[in-house]
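Please consult the sequence and the structure shown here alongside the notes.

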Amino acid sequence: MYTQLADWHGPGPWILLIPLVWIAVVVLVIAVLRRTVWRRHGCGFGAGAEHPLAVLGRRYAEGDIDAEEYRAKRSVLSEPPRDDARGGGAR
C-alpha cells in the first residue's frame, strides 16, 4: 500500500483544463444569448434606441416622407455638432 501512494504524483497539469472548459461553456452560453434571445427582447446596451438616420431611411423607404424632406432632415442629422460658448443645445 505504501508503494502505491508513493508512486502517485497527483492529478497532473491536465486538471487545469476543467476550469477552462467551464469558462468556455459560460462564454459560449452568453454569446448565444446575446445573438438570439437578448437581441429579440431588446435587452442590453442601447436597447430599443434606433439610430435617427436609420429611422429616417426607413420612413423614406416606406413612403412616409418625400425625397426633398428626406434630404433636408438627413443634412440636419448629418451635420457635426456645434460647440457654442453658451453650452450648446438647440435654439
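Of the 91 residues in the chain, buried residues make up 3%, where buried means under 20% relative accessible area, exposed over 50% and partly exposed in between (1.4 Å probe, protein chains only). This is a predicted model, in which local features need pLDDT of at least 70 and side-chain atom pairs count only at pLDDT 80 or more, while totals for chains, interfaces and linings use all residues. Residues are numbered from 1 along each chain as its sequence is written, and side-chain values use heavy atoms, with hydrogens and water left out.

**Fold and confidence**

- The chain contains five helices and zero strands; helices (H or I, at least four residues) and strands (E, at least two) are DSSP runs, numbered from the N terminus.
- The chain averages a pLDDT of 80, and 70% of the residues score at least 70; pLDDT is the predictor's confidence in each residue, from 0 to 100.
- Confidence is lowest in helix H1 (residues 2–7), with a mean of 58, and highest in H2, at 93.
- Where pLDDT is low, the predicted coordinates should not be read in detail.

**Surface**

- The chain exposes about 8500 Å², of which carbon and sulfur atoms supply 63%; accessible areas come from the Shrake-Rupley method with a 1.4 Å probe, and for residues only the protein chains shown count as cover.
- A nonpolar patch on the surface, with about 1200 Å² of accessible area together, includes Trp-14, Leu-20 and Val-29.
- Patches are made of residues with over 30% relative accessible area and no salt bridge, like charges being joined within 9 Å and nonpolar side chains (Val, Leu, Ile, Met, Phe, Trp, Tyr) within 5 Å.
- Leu-20 is placed in helix H2 (residues 17–35) and is exposed, at 52% relative accessibility.

**Aromatic pair**

- One aromatic pair is found in a search of the whole structure.
- Tyr-60 and Tyr-70 form this stacked pair, at 4.6 Å centre to centre and 20° between the planes; rings of Phe, Tyr and Trp (its six-membered ring) pair if their centres lie within 6.5 Å, and planes under 30 degrees apart count as stacked, over 60 as edge-to-face and the rest as tilted.
- Tyr-60 lies in helix H4 (residues 52–62) and Tyr-70 in helix H5 (residues 67–78), ten residues apart.
- Tyr-60 is partly exposed, at 36%, whereas Tyr-70 is buried, at 18%.

**Salt bridges**

- The structure holds two salt bridges, each defined by a side-chain nitrogen of Lys or Arg within 4 Å of a carboxyl oxygen of Asp or Glu.
- Arg-58 and Glu-62 meet at 4.0 Å, N to O, and are four residues apart in helix H4.
- Lys-73 bridges to Glu-69, with the closest N and O atoms 3.0 Å apart.
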